[in-house]
Amino acid sequence: MNISHDPWIWIAAILTLAIFSFLYKDNPLYKFAEHLLVGVTVGYYINIYWHNAAYPYVIKPLFIEKNLLTIIPFIFAILYFSILIPKYSYFIRYPIGFLLGALNGMAISPEFKEAILVQTKDTILPQFSLSFDFLNSFIIFIGTLTVLIYFFFSLEHKGILRGLSRIGIIFLMIGFGASFGYTVMARISLLIGRLIFLLKDWLGIIS
Amino acid sequence: MLQKQVPMFICFLMGLLLFFQFYIPASWSQNFYNTILRWILGISSFAIVLGVVSLIRHHLRKIRKKEDLPYSITLIFSIFATTLIGFIGGIKSGTLFDKIFNYIQIPLQSSMFAILAFYMASAAYRAFRARNVEATLLLLSAFVVMIGVIGIGDLIHPFVPSFAQWILDVPNLAAKRGIAIGVGLGIIATSIKIILGIERNWLGR
Amino acid sequence: MKFLEYLAKIDRRIIYLILVISIIIPLIKPLNLPVGTSHPVKSLFDFIEKQPEGAVILLSVDYDASVYPECHPMARAIARHVLSKNLRLICLTLNPAGTGLALEIITQIPNEYNKKYGEDYVFLGFRPDITATILGLGEDIRKIFPYDYFGNKTDTLKIFKDVKNYDNIALVVSISGSALPVSWIYLARGRYGQDIAAGVTAVMAADYYPYLRTGQFVGLLGGMKGAAEYEKLINKKELATSGMDAISISHILIIIFVIIGNIGYIFVLKRRKK
């Protein structure tokens, strides 16, 4: 055992155990750690946004480099601060509207291509052959079609639609099972990461 | 008009212009596109103001009502302290700001998500029941994938990881593709609705 | 019979304790279970392996501390692989909390390969808007990042002498705990035809197989397992590999919990019917 003498490691370890104390029951130490997390994260984000985005992209070009074209994004950006004045807080809708419109407009066409066209093209069956690859392609074709049928609620699922959507449910259950299996690994990994920190960096039990 | 119509018009105008810009390769169109991209980066860099103001307002209200007083004070104090430390001392590697990130923010956030492992284990024991054929299929698929991805799967038989990989590559893929196509259509429909002003939740009250 | 009844009612704190013990034991006494190699991970490895010297790989550190044990080892392994092959590395982040994590990679790993900042690798920092940043990189990287994270003008950095946009980038690797890699596909690949690869948490990995099959993802690392596989391929074992034994034991434990829970449930159901 080789316990760390670094005060920062001790702070990190105590805060880790404070969060874990919630497993026993909710307590003041956990609540303090939770609120500290939110506060530190917000303070961190403010700095990152300022140093990496607001200052080099708006403040410096406009006020130091005197690039007057930057006044338009600056005005939109300042409108966010109208949230501080309840009577004029509706002005925050201006930059939000600008961003929503521009970003959605830019994204529609490439998204349609990649999300729909490419995926649909791959689902179309290749030329028939007695091979494992063709069998897999056929299973994917049936699976994709039946899953889409299952999610089509504009028609009542009866008769042949009911049968096809049942097949879709089977594919969905297998897919969700695979996701669950992976999710177990994900959650355990997060715990392993913390336990490695406690055992290695703090207590020095493992190398 | 200033409250609803003008922002909706701005949204519509920008959406329309940028949608058609994709299909116009002329140099003036490209220049317009590049300018808008830089404007977006500038404008969105201030969007954090909304979240920060809402959070501080909420906790100041709690402090005035003396609800959860020590915790709200902790939160407000840590926001201002971290912000000032970053502005005064800088954000480079080795600074106090960097240490706060590495030894306070990372451990707290990692631990918060690490406790999910316990809840998942508890849920696995209490809630995952093979009540019907579908649930049994889900559990069997999960078991195969869980055994297939670990070293023990390899030791049992080489077929185990191959079968787990096949489940991921074929039936899982089919299910997720169906969902992805549906989600993709939904995203595009929502984008069009926002631009056309049919979807107005972003305007708030 | 009482034992079967008890199986349906084990206290959750006992379950927590058993889980912790099942993880701690293999960490203290490693079992060295084999780590295989799956085709999604091998595809990414092979893609980077076949790049000529000097090719540029863009690593986007799009995750935060909540998924650190899964994503951070992936980002480290890929950075190592890129620099060990004498490829050039451009690192940036679209997640504000990823800045500190990317900084850790940039300050540690290039030194192991004697790489020169500004020439062999660069860290551009964070940009707030995902769509605008991803699209902007396809036009001119230096216009989106006029300065790097350390305040150097990107115009003056040697790495950007022949790197303007996606045309000069061989691969974008997005390591993320969210759906950001899909945004890279929709925008960078959809508009500019850029090759994309992803490293994601295990929660998301199963959802991205459709993109792998179509080639929209060149390769995919899924969770700690994916990171461990990549560490094995580059012969540098770190956090991910050391955690795999614990994952193996805890997976068996979870399966046992599910089976025990179901046995107890069936017994309680039968008793109710009687």
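User: How many residues of chain C are in contact with chain B?

Analyst: This is a predicted model, in which local features need pLDDT of at least 70, side-chain atom pairs count only at pLDDT 80 or more, and totals for chains, interfaces and linings use all residues. Residues are numbered from 1 along each chain as its sequence is written, chains are lettered from A and ligands numbered from 1 in the order in which they are written. Two residues are in contact if their C-beta atoms, placed from the backbone, lie within 7 Å. On that basis chain B brings 43 residues to the interface, and the number from chain C is 45.

User: Which element gives the largest share of the side of chain C that touches chain B?

Analyst: Helices here are DSSP runs of H or I with at least four residues, strands are runs of E with at least two, and both are numbered from the N terminus. The elements of chain C that give two or more residues to this side include helix 2 (12-28), helix 5 (98-112) and helix 12 (239-273). The largest share, 13 residues, comes from helix 12 of chain C.

User: What is the strand order of the open sheet in chain C?

Analyst: Chain C has twelve helices and six strands. Two strands pair if DSSP finds at least two bridges between them. Strand 3 (121-126) and strand 6 (217-222) of chain C each pair on one side only, as edge strands. The sheet has six strands with parallel pairing, in the order 3-2-1-4-5-6.

User: Which residue is the bridge partner of C:V172 in strand 5 of chain C?

Analyst: Strand 4 (residues 171-176) and strand 5 (residues 196-200) of chain C pair in the parallel sense over five bridges. For C:V172, the bridge partner in strand 5 of chain C is C:I196.

User: What angle does helix 11 of chain C make with strand 6 of chain C?

Analyst: Axes are lines fitted to C-alpha atoms, for helices over the stretch in contact, and angles run from 0 to 180 degrees between N-to-C directions. Helix 11 (residues 223-233) of chain C packs on the sheet and touches strand 5 and strand 6 of chain C. Its direction and that of strand 6 of chain C make about 110°.

User: Which residues have the most contacts inside the largest nonpolar core?

Analyst: A nonpolar core is a set of buried Ala, Val, Leu, Ile, Met, Phe, Trp, Tyr and Cys residues joined through C-beta atoms within 7 Å. A residue is buried if 20 or more other C-beta atoms lie within 10 Å of its own, exposed if 12 or fewer, and partly exposed in between, with C-beta atoms placed from the backbone. The largest core has 219 residues, and those with the most contacts inside it are C:I57 and C:C91.

User: Which element gives the most to this core?

Analyst: The core draws at least three residues from each of domain 1 (2-30 + 247-273) and domain 2 (39-237) of chain C, with bounds from an automatic or database domain assignment. The element that gives the most, with 18 residues, is helix 6 (residues 160-202) of chain A.

User: What radius of gyration does chain A have?

Analyst: Chain A has six helices and zero strands, and its C-alpha trace spans about 65 × 60 × 35 Å along its principal axes. The radius of gyration is taken over C-alpha atoms, and the globule rule is 2.2 Å times the number of residues to the power 0.38. A compact globule of 207 residues would come near 17 Å, but chain A has 27 Å.

User: What percentage of the residues in chain C is buried?

Analyst: In chain A, buried residues make up 49% of the 207 residues. For the 274 residues in chain C, the buried share is 61%.
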